[in-house]
Amino acid sequence: MTKKRLVLWDIDHTLVDFTELGAAWYGTAFTAATGATLRVHPVFGGRTERATTTDLLTANGFEAAEETIQALFKALVAESERHSPTFADTARALPGAAEALAAFAADGDVVQTLVTGNLPEISRHKLAAFGLHEHLDLEIGGYGTLSVHRPDLVPHAVALAAAKHGTEFGADAVVVIGDTPNDVRAAVDNGVVSVGVATGHYSAEELRAEGAHTVLPDLADTDAVRNAVRNTVLS
């Protein structure tokens, strides 16, 4: 029997490019959640939404109470819903993303989901704009609502996938694909495979320095992506 593999995809700058759009939503969402004007703007870089909103509230003089965090989450989802009809014009799917997702789906022995700093609803909005959600099981992902620590998202997704598919995914069979050092650390801290993609703000050298087992320049070469997932062996 062929061993199943679990591929955990990042979204931003890995599958899609929504440069500056998310940051622009925060001003409106912050005012809706707190009644105040945003003065200190968010820092992303592969962090979870819970980490970003927690730091953002504190930096702008608010206690990061769970009620306020949830209000900000709700306001961000509303902003995403409001703008989603324009996503196909204001953002883009990265080269090779659709082909890589489709190739793994066709293989039949790969389960694909997300480990992303995004909220679940915003994840769906971003991917659906380009049809990228079709080969991903979004119900078993690890999302930015869960923790301020991105590595916590990986075991959550692995546990959900194992329960749904009735199989254990060994360390060599779990692959995290992302473009930031935080993506790499999320994999390395959990002892699973890291495939870095240098399509964001970080170079191949920076991703290797964090411990990525394989680094690709992009997703354009589908065979290279498949080989990175299938042939990387943990030492």
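Is D221 buried, partly exposed or exposed? D221 counts as partly exposed, at 44% relative accessibility, where buried means under 20% relative accessible area, exposed over 50% and partly exposed in between, with a 1.4 Å probe and protein chains only. The structure is a predicted model, in which local features need pLDDT of at least 70 and side-chain atom pairs count only at pLDDT 80 or more, while totals for chains, interfaces and linings use all residues. Residues are numbered from 1 along each chain as its sequence is written, and side-chain values use heavy atoms, with hydrogens and water left out.

D221 is found in the loop between β7 (214-216) and α10; helices (H or I, at least four residues) and strands (E, at least two) are DSSP runs, numbered from the N terminus. Between the C-alpha atoms of D221 and L101 the distance in space is 12 Å, and the two residues are 120 residues apart in sequence.

The largest nonpolar core has 44 residues. A nonpolar core is a set of buried Ala, Val, Leu, Ile, Met, Phe, Trp, Tyr and Cys residues joined through side-chain atoms within 4.5 Å. The residues with the most contacts inside the largest core are W9, L15, L76, L114, L127 and I177. Helix α3 (residues 66-83) gives the most to this core, with six residues. Another core, of 17 residues, lies apart from it and has V111, L153, V158 and V176 among its members. For L15, contact (heavy atoms within 4.5 Å) is made with W9, D10, A93, L94, A97, L101, L127, L132 and L219, leaving aside neighbours within four places in sequence.

H13 lies in the loop between β1 (5-9) and β2. At 16% relative accessibility, H13 counts as buried. Its contacts, leaving aside neighbours within four places in sequence, are with T19, L94, D179, T199, G200 and H201. Most residues other than glycine have a negative phi. H13 has a positive phi of about 70°, although it is not a glycine.

A search of the whole structure finds 13 salt bridges, a salt bridge being a side-chain nitrogen of Lys or Arg within 4 Å of a carboxyl oxygen of Asp or Glu. One of them is formed by R92 with D17, with the closest N and O atoms 3.5 Å apart. R92 lies in strand β3 (residues 92-93) and D17 in strand β2 (residues 16-17), so the pair ties together parts that are 75 residues apart in sequence. R92 is partly exposed, with a relative accessible area of 43%, whereas D17 counts as buried at 15% relative accessibility.

R226 pairs with D107, and the closest N and O atoms are 2.6 Å apart. R226 is partly exposed, with a relative accessible area of 26%, and D107 counts as partly exposed at 26% relative accessibility. R230 forms a salt bridge with D109, in which the closest N and O atoms are 2.7 Å apart. The relative accessible area of R230 is 24%, which is partly exposed, and that of D109 is 11%, which is buried. D107, D109, R226 and R230 are linked in a network of salt bridges.

Two packed helices are described by the angle between their axes and the distance between the axes. Axes here are lines fitted to C-alpha atoms, for helices over the stretch in contact, and angles run from 0 to 180 degrees between N-to-C directions. The axes of α5 and α10 come within 9 Å and cross at roughly 55°. That makes α5 oblique to α10; angles under 35 degrees count as roughly parallel, over 145 as roughly antiparallel, 65 to 115 as roughly perpendicular and the rest as oblique. α5 passes α10 in a right-handed crossing, where a crossing is left-handed if the near helix is turned anticlockwise from the far one by less than a right angle, and right-handed if clockwise. The contact is made by E99, A100, A103, F104 and D107 of α5 and T222, V225, R226, V229 and R230 of α10.
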